[in-house]
Amino acid sequence: MSKRILVADDEAHILHVVSMKLRNAGYEVFTAVDGEEAVELAAAELPDLIITDYQMPIMTGLEALKELRRNEQTRGVPAIMLTARGFDIEPAEMAEAGIAAVLAKPFSPREVLEKVAELTQTAETPLAG
Amino acid sequence: MTTAKRLGLATMALISLGASAAYYATMMAMQGQRPHGGLNFLVLGLVTCLTALVLLVFWRSVHRSVRMIASQLESMARSKQLGLVMVQGSDELAQITRPLNEFLTATKMQVEQLRSENRELQIQSRIAAAEKHHTEAIIFSISDAVIVTNRFDELILANEAAEKLLGFRLAGSLRKNIDRILSDGTLVRLIRETRSHGRNFTRKVVEHSIDQKGTPKTFSVTLSCVVTDNEEVSGVVAVLHDVTREKEIAKMKTDFVSNVSHELKTPLASIKAYIEMLQDGEADDEQTQREFYDIISSETDRLHRLIENILNISRIESGVVKVVKEPTSLTGVVKQVLDVARPQAKNKSQHLVERLAPIYYQIEADHDMIYQAVMNLVSNAIKYTPENGSVTVSVTVDERRGVVVCDVADTGAGIPAEDLPRIFDKFYRVRNNNKLAKGTGLGLTLVKHIVETVHDGKLTVTSEQDKGSTFSFELPLLA
């Protein structure tokens, strides 16, 4: 069974390119356009990994991840943060939000795929196509 | 000859005369002759007259000298000028005047010296008073709060700014210890520390926060010791400079840079990602490839627009933008904008309504800038209005007030009341409307600058959520 990834970004183009890269690599992808939608979708779909933008309407990526840590079922889901902000997130805050990696925008889709593979690595490799 | 000697001689002459008379009378008596009664009386009368004459002469001479001295002393008293006492002759009175004159001369010199010292002191005191007025004028005209204390930490001077900031009245606080005047414990401590550190400690600047009418303000407090000529600390001067605005500006600058980089990185991220996708052959069919090229192209345009907007705003803000103002018809400009915007509105099946004043009303304006402002307002209205909605653009002339008013009204998403005050801020975007359309958060900032900074007009907005917004600006009508 392929791994399931939730991607959240308010920039449609970014959402599109990340989803495509992951789908092409054989992942199942869900998308959300704001923090609130990301929280709802994550709770409903229980993905294996969350990729989220930092700055999003209604609820930021960080707020959404913190919210998910309060939910028993979504607590353990690792997350990758994409950010165009020039600051580093505090290590304590990263741990609190369950952020495994931060990728700065502009990012490389290849790099995102590598990180996703690394973080969802299990005995079986994701199915291609 | 002195009066005493003269008096002695006269007395001796009178005594010998009296003695001769007595001897003559005795001789006569011894010879049994009765002295001639007439002669006796003659002698007695002669002696008495002579005595009276001598006394008169002496009295007159003494009286003249005394009068002379008295009149000279009186005239000195009248003129309040010390001089010398002059007496004719060389009698005792003349002798008395010598030490008197010496005393008078010495006194006169002393008085002169005291007078000149007094004059000098008066001049110094006038200079000191003038200097004090100068110092006060300087301190009172400073907009920073200034407090001056003495070596006992008592308030000796403060200006109006200090009174207002720290809430005391100078009149009732002079010579009182600062801990009784100032409620701000930190400031009292700072002044005391400065004074007690003494002359080794000349000046320091401390940042200190003071609550002013409920809002915290940041002050830079400069403390310096007043050191006397013999190097003793005679007091402290504290100057409180409000740096709240400077800090705000510094923060705004940091925020601006952070916002700019974020806004620039967003389209850049898309461009980079799609190029990499094409390079990696992730877009296998021609249609997807075309789609990717289109995205790269549109994101490049977005980046370009963003840079243009940032440059325009910063040019206007720094006043280096070239403004060419000439008689322009606002109706004419609006017509040009509507011609360009009509296809966009048509795409969304929106009604684009125009209510325009006659074209001959003119304003003094930079055509390109006003075009940009109207375009930004109209394209915003179209962007945030759903399909089948309507956008109404009107130009009205208020001849009484001498202004032309342009209203751009839509039936779109509207702006939440809490966002309204901030929509003209750089990079500010209404969060809920983010999904409706892309934007840089610079369009309205630019409109505000064009209307208000460049053309001395006024831009206002009214809005109701889910009903729509109306942006209006007015510019002075060219007479």
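A crossing of two helices is called left-handed if the near helix is turned anticlockwise from the far one by less than a right angle, and right-handed if clockwise. In this predicted model, helix α1 of chain A passes helix α9 of chain B in a left-handed crossing. Helices (H or I, at least four residues) and strands (E, at least two) are DSSP runs, numbered from the N terminus.

Residues are numbered from 1 along each chain as its sequence is written, and chains are lettered from A and ligands numbered from 1 in the order in which they are written. Local features need pLDDT of at least 70 and side-chain atom pairs count only at pLDDT 80 or more, while totals for chains, interfaces and linings use all residues, and side-chain values use heavy atoms, with hydrogens and water left out.

**Chain A overall**
- Chain A has five helices and five strands, and its elements run β-α-β-α-β-α-β-α-β-α from the N terminus on.
- Of its 129 residues, 51% count as buried, where buried means under 20% relative accessible area, exposed over 50% and partly exposed in between (1.4 Å probe, protein chains only).

**The pairing of α1(A) with α9(B)**
- The axes of α1(A), residues 12–24, and α9(B), residues 286–318, come within 12 Å and cross at roughly 145°; axes are lines fitted to C-alpha atoms, for helices over the stretch in contact, and angles run from 0 to 180 degrees between N-to-C directions.
- From α1(A), A:His13, A:His16 and A:Met20 meet B:Thr288, B:Glu291, B:Phe292, B:Ile295, B:Ser298 and B:Glu299 of α9(B), a contact being heavy atoms within 4.5 Å.

**Helix α11(B)**
- At the start of α11(B), a side-chain oxygen of B:Asp366 comes within 3.2 Å of the backbone nitrogen of B:Asp368.

**B:Thr244**
- B:Thr244 lies in helix α8 of chain B, residues 244–279, and is buried, with a relative accessible area of 14%.
- Leaving aside residues up to four places away in sequence, B:Thr244 touches B:Pro216, B:Lys217 and B:Thr218.

Notes:
A polar contact is a pair of N or O atoms within 3.5 Å; within protein, one must be able to donate a hydrogen and the other to accept it, and residues adjacent in sequence count only if both atoms are side-chain atoms.
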